Amino acid sequence: MKTLLYKNTKISYSDSGTGNTIVLLHGFLENKKMWKDYVDFFSEKHRIITIDLLGHGESDSLGYVHAMEDNANAVHEVLNHLKIEKATIVGHSMGGYVGLAFAELFPKSIRKLVLLNSTSREDSAEKKINRTRAIKAVKQNYITFVSLAIGNLFSENNRILLQDEIEKVKIQALKTPLQGIVASLEGMKIRKDREALLHQNLFPVLLILGKKDPVLNYEESITQINDTTAELVSFEDGHMSHIENKEELKTILLGFFE
């Protein structure tokens, strides 16, 4: 584990391998440990950076709202520290929102972008209400909220097939402090719509979606890349493609990187 300070806040990251830089950004309630198999696989050909986003893993919370821009600035701070000028970013779910914010703030620093079970669009009015409800729920019963939130990310059939994997994800999720959870929910709720970035075709984009994703509506999600040069990969499963479709995803990502 390596750390640096961003706005007097500890940011934890890892740095493995050599070659073109790939930055792997986890989602809400996750941390950089989710990428272990991918780091082992990709670092044979590439330099792989994983970062714990604000209030997750071994990174500290910055305040009561972790805006996607705050996270993007923290990512940029890590890359600056490592003297990396350009990187490909892979963002899972919330990590994708951070990747888009990074691309908007630092367009010269991004080589390619992978939105993994993520979207360029802002929360709908209904989803914003649900974020507020989630904040209330996690304050009332932290363990129940986290356990339910994780289970609900997988497609229905995989909730039985992947029980052991789901338990491992829950164990990591339960290490996320309450402040980190609330601040991230607040940050996701207020995030900007960045679909316009995809239509500018400034860098290669790969959108990876699950057809049975309980969080992102598949049919709606594919429309954001209409009339763009973005590539689409669709899996038959849920929101956790890095677990539900691990081997296929490794191959697809490696092809996109190269």
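Which helix gives the largest share of the lining of the second largest pocket? Keep that in mind as we tour this predicted model, where local features need pLDDT of at least 70, side-chain atom pairs count only at pLDDT 80 or more, and totals for chains, interfaces and linings use all residues. Residues are numbered from 1 along each chain as its sequence is written, and side-chain values use heavy atoms, with hydrogens and water left out.

**Stop 1: the sheet**

Select the strands (DSSP runs of E, at least two residues; helices are runs of H or I, at least four residues; both are numbered from the N terminus). Eight of these strands form an open sheet with mixed pairing, in the order S1-S2-S4-S3-S5-S6-S7-S8. At the edges you will find S1 (2–6) and S8 (231–235), each pairing on one side only. To pair, two strands need at least two bridges found by DSSP. Strands of a sheet pair through backbone hydrogen bonds, either parallel or antiparallel.

Now pick S3 (residues 21–25) and S4 (residues 47–51), which pair in the parallel sense over five bridges. Leu 25 stands opposite Ile 51 in S4.

**Stop 2: the largest pocket**

Select Lys 127, Arg 131, Ala 149, Leu 153 and Val 215, which lie nearest the centre of the largest pocket among its 26 lining residues. On a 1 Å grid over the protein atoms alone, a pocket is an open set of points with protein on both sides within 12 Å along at least five of seven lines, while a cavity is a set where a 1.4 Å probe fits but cannot get out; lining residues have an atom within 4 Å of a point. The volume of this pocket is about 710 Å³, counted as the space filled by probe spheres set on the points, with grid points joined across faces, edges and corners. Helix H4 (125–140) gives the most to the lining, with six residues.

**Stop 3: the second largest pocket**

This pocket holds about 350 Å³ of space. Of its 15 lining residues, the closest to its centre are Lys 33, Met 34, Glu 165, Val 169 and Ile 243. Helix H7 (163–173) is one of the elements that give two or more residues to the lining. Here is our opening reply: H7 supplies the largest share, four residues.

**Stop 4: the cavities**

Finally, look inside for two cavities of 30 Å³ or more. The largest has about 40 Å³ of space, and Met 68, Tyr 97 and Arg 121 are among the residues lining it.
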